[in-house]
Every structure is written in C-alpha cells, then in structure tokens.
Amino acid sequence: MIQEQADETNRASFQNHSVSDGDAREPIDRSVADRHLLRVCAVLAHELRNPLSVIQGSADLMNPETKADARLQRTLRKQVERMTHLVNDLLDMSRSTNGKTQLRREPVDLKVIVESVVQSMSSTLRGHCQSLETVIAEHPCWINADPHRVSQVLINLLSNASKYSNEGGEIRLQISPQRDQIEIRVIDQGIGIEPDLLPDIFQFFAQSKSQDSLEHRDGGLGIGLGLVKSLVEMHDGSVQAFSDGPGRGSEFVVRFPACEAFDRSFDGSCESDSQPQRSYRVLVVDDRRDNELVLKALVRKIGAHETRSAHNGSAALVAIEVFTPDIVLLDLGLPDMSGLELAREVRKIEACRETFLVALTGYDDQEMREAAASSGIDLYRLKPVSMDMLKEVFRHPKLVSRGGVSG
Ligand code: ADP
C-alpha cells in the first residue's frame with residue numbers, strides 16, 4: 001500500500017513538473033502540489049520510522065559497561081530523537097499547509113505542560129551546558145488547548161533558543177497571565193536575528209543566511225517556527241519575535257486566550273518508574289526482521305515475558321490459536337493482510353476477546369487511528385519504539401485491569 005502511494009505520488013509529481021512545448025511550463029496547481037507533498041511526507045515518515053525504531057531499540061538494549069559505551073548509547077538516543085523530531089516536523093508542516101492539523105482541546109493548566117517540557121529539554125540543555133530559568137506566575141494559567149500541540153510550540157521555541165545560543169548560554173522562560181490572556185516569553189542571549197529576517201521568520205523555510213547562523217543550524221529544516229505560528233493561531237493565539245540584531249539575543253512572545261480553571265489537571269505523563277508487575281505472553285507481528293528481533297529483545301528485557309513472533313497476518317493467526325497471547329504488538333503494514341484486518345480476525349476468536357492489541361506503526365494518521373480503534377485495537381503508538389514506550393504499554397491501566405488472558 002505504501003509502495004502504491006509512492007508510485008502514485010511519483011507519477012503525479014512527474015506530471016506536475018513536466019515541461020510542455022517551448023519553454024512554457026504548465027502552471028503547478030498549489031493545492032495539488034500540497035496534497036502530493038502531504039503524501040510524500042507521510043510515506044517518508046513511515047519509511048524512516050521503521051529504521052529509527054530499530055536504532056532506538058538497539059540503543060535501549062545496550063548495557064554500557066564503560067564510559068565510552070554509555071556515551072555512545074546517549075549519542076544514538078540523541079540522534080534518533082533529532083531525526084524523529086525532523087520527521088514529525090515535516091509531516092506536521094505538510095498537514096498544516098493542507099489544513100489537516102487536528103486539535104484535541106481541553107482546559108489545561110499551562111504550568112503542568114511547562115513542567116513536562118522543561119523536563120524533556122533538560123538533557124539537551126545539559127549537553128550544551130546551558131541554563132534555563134523558569135519564571136512562572138503564582139496565578140492560575142489555564143488555557144483551552146491541545147496539550148501536546150502546546151508542548152510542541154514550547155519545545156520548538158526552547159530548542160531554537162538553545163540551538164542559536166552559545167555553549168553555557170542562559171535561557172529564560174516566563175509564564176504570566178495578562179488580562180484575558182496567558183503570555184509565554186522565551187528569551188535567549190544568543191546570536192540574535194538580522195532585521196531583514198525578522199518580518200518573515202514565521203514563514204516555512206525562512207532561515208538566516210549569515211555564516212554565523214549556519215554554524216548554529218544543526219541540521220534544521222526551517223520548519224519549526226512556521227509550525228509554531230500555525231499551531232498558536234489554531235488556538236486563537238498570537239506569536240511575535242523580537243531581536244535587537246545579530247549577537248544581541250532573541251525573544252519570542254506567545255499569547256493564548258485564558259480560560260476558566262478546571263478541576264482536572266492535564267497529566268503530561270501517565271508514567272511511573274516502576275517495572276511492569278506480572279509477566280505476559282506477547283506476540284510480535286512485524287514483517288521486518290530487524291524490527292521483530294529488537295522488539296522481542298526489548299520485551300524480554302523489561303520482564304520475564306514469553307514471546308513469539310509472526311511475519312504476516314496468516315502466520316499470526318496460527319500463532320494466536322496455539323499461543324493465546326495476552327498482548328499482540330502489531331505492525332499495521334503486513335504483506336498478506338493489513339494489521340486492521342488481522343485485529344478484526346483476532347477479535348472473532350473467543351479466547352482473544354480480552355487480548356491487548358497494540359499497533360506499533362509508522363503511520364501517523366488520524367483516520368488510521370480511528371480505523372484502528374474501530375477494528376478492536378486498544379492502543380496506537382508511533383515508531384520509533386523505545387524501552388520507555390514499551391514499559392508504558394505494559395503498565396497500561398486497560399491491560400492491567402484485564403489481567404491477561406493466559407494467567
Ligand atoms: P530551523 O531552526 O530549523 O532553521 P525554524 O523555523 O525553527 O527553523 O527557525 C527559522 C530561522 O529563524 C532559523 O534558521 C534561524 O535563522 C532563526 N531563529 C529561530 N529562532 C532563533 C533564535 N532563538 N535565535 C536566533 N535565530 C533564530
């Protein structure tokens with residue numbers, strides 16, 4: 001299916017860019033081009049997530065005994081994180097230009113989001129010996145927002161503040177209510193922004209041309225701020241950039257409309273550090289051998305779990321009959337049937353009504369998530385799969401409350 005999509009995309013983009021008689025080019029229809037871009041990005045993201053998953057899992061499986069190995073493990077994890085970020089940004093950009101970004105808004109306490117963002121940024125900042133000072137008002141800071149998208153906005157701004165500051169630089173994050181708005185300021189003392197870039201800085205692909213900035217680019221695509229603006233505006237907010245020029249630092253100000261406090265706070269991570277308690281029978285269904293091997297090894301490492309694997313849907317159904325798994329870790333793009341069809345077949349088996357079906361996939365697509373849920377899949381997680389992600393799966397309240405089918 002992915003190959004078909006790619007073929008179709010190749011054909012379509014070739015037609016779009018073909019040259020007619022003389023030097024007159026056929027005009028490219030922007031919306032058609034945007035749709036193709038969305039498809040290409042979706043295919044690319046899917047194809048990259050699989051190898052990333054293998055690298056992430058392998059890094060998690062390393063047992064570093066020397067300082068050099070521990071450093072290698074950290075480097076691998078950092079590179080996977082950076083590539084995953086790029087893949088996500090690409091996909092988000094194409095969604096945004098196609099008006100396909102979806103928000104799941106709810107009243108959230110911005111302070112709770114900030115806490116988890118600061119935590120997730122800590123290793124990046126530590127890696128550059130940079131400090132982050134957070135100044136958060138005492139007053140409530142509730143907004144009606146999609147917590148994950150707001151985290152994305154903050155992470156993009158803080159990542160830039162770090163990327164465009166020198167080693168040892170100081171970054172400041174301020175959160176304060178201003179009348180009917182909540183204001184976020186991200187301030188750095190880094191390389192600053194040239195006056196001619198400032199007005200266009202929120203356009204996709206706008207980047208500084210200066211050599212100094214290029215040294216700091218760190219492989220960026222010029223997408224992050226475009227996404228920040230699009231996400232903030234989808235929340236009826238605004239974003240502005242200020243800088244007194246090169247070498248004089250930068251300041252980004254985001255404003256979201258405030259909302260009434262709600263008595264349930266957003267829990268950015270439902271994880272606890274405890275190991276999963278009981279052992280489960282786990283079936284790994286993935287047609288990519290490397291993914292399968294790494295997944296099985298990860299599952300065994302986080303607990304004494306019995307594992308089996310299958311490389312296609314029909315082999316999975318045979319394995320399920322004899323093995324009766326508690327958990328199936330399921331890739332959705334199988335050679336003989338889709339993971340969704342397989343899930344529906346599994347649900348027809350009496351002994352597997354309670355089996356915990358987890359899609360581990362490279363498809364980051366809302367329709368696919370919904371189709372997965374209606375096919376009986378309990379959890380949908382995006383590759384790359386990490387040890388932490390699997391631990392969260394094994395502690396999931398839905399799985400724990402079912403208690404497994406085999407024990
Ligand atoms: P990227 O960082 O991947 O190039 P962004 O869209 O996040 O893409 O940023 C666009 C450009 O804006 C950057 O290339 C950089 O020139 C400039 N920029 C963004 N944030 C800062 C900052 N905090 N300090 C200096 N320049 C910045």
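## Ligand site, cavity and backbone features

An oxygen atom of the ligand sits 2.8 Å from an N or O atom in the side chain of N160. The protein buries 97% of the 530 Å² that the ligand exposes when taken alone. The model is predicted. A search of the whole structure also turns up 1 cavity of 30 Å³ or more and 2 aromatic pairs.

- S250 faces a nitrogen atom of the ligand, with a polar side-chain atom 3.1 Å away.

**Shell around the ligand**

- The ligand is surrounded by 22 residues.
- The closest are N160, K163, Y164, Q207 and L225.
- By class, the shell has 11 nonpolar, 9 polar and 2 charged residues.
- Three elements each supply at least two shell residues: α5 (147-163), α7 (224-234) and β7 (250-257).
- Of the elements, α5 gives the most to this shell, with 3 residues.

**Largest cavity**

- The whole-structure search finds 1 cavity of 30 Å³ or more.
- The largest cavity holds about 30 Å³ of space.
- Its lining consists of S53, G57, N291, V294, L295, L298 and V385.
- Helices α2 (30-61) and α8 (289-301) each supply at least two residues of that lining.
- α8 gives the most to the lining of the largest cavity, with 4 residues.
- The lining has 4 nonpolar and 3 polar residues, and no charged residues.
- Rolling a probe the size of a water molecule over the atoms shows where empty space is left.

**Aromatic pairs**

- The structure contains 2 aromatic pairs.
- F202 and F252 form an edge-to-face pair, 6.2 Å centre to centre, with 90° between the planes.
- F202 lies in the loop between β5 (181-188) and α6 (211-216), and F252 in strand β7, so the pair ties together parts that are 50 residues apart in sequence.
- Strand β7 also supplies at least two residues of the shell around the ligand.

**Backbone features**

- Most residues other than glycine have a negative phi, and most peptide bonds are trans.
- K383 and P384 are joined by a cis peptide bond, with omega about 5°.
- P384 is in the loop between β12 (379-382) and α12 (387-394).
- C129 is not a glycine, yet has a positive phi of about 55°.
- The loop between α4 (110-127) and β2 (131-136) holds C129.

Key. Residues are numbered from 1 along each chain as its sequence is written. This is a predicted model: local features need pLDDT of at least 70, side-chain atom pairs count only at pLDDT 80 or more; totals for chains, interfaces and linings use all residues. Side-chain values use heavy atoms; hydrogens and water are left out. A residue is near a molecule or strand if one of its heavy atoms lies within 4 Å of it. A polar contact is a pair of N or O atoms within 3.5 Å; within protein, one must be able to donate a hydrogen and the other to accept it, and residues adjacent in sequence count only if both atoms are side-chain atoms. Accessible areas come from the Shrake-Rupley method with a 1.4 Å probe; for residues, only the protein chains shown count as cover. Ala, Val, Leu, Ile, Met, Phe, Trp, Tyr, Cys and Pro count as nonpolar, Asp, Glu, Lys and Arg as charged, and the others, Gly among them, as polar. On a 1 Å grid over the protein atoms alone, a cavity is a set of points where a 1.4 Å probe fits but cannot get out, and a pocket is an open set with protein on both sides within 12 Å along at least five of seven lines; lining residues have an atom within 4 Å of a point. Grid points are joined across faces, edges and corners, and a volume is the space filled by probe spheres set on the points. Rings of Phe, Tyr and Trp (its six-membered ring) pair if their centres lie within 6.5 Å; planes under 30 degrees apart count as stacked, over 60 as edge-to-face and the rest as tilted.
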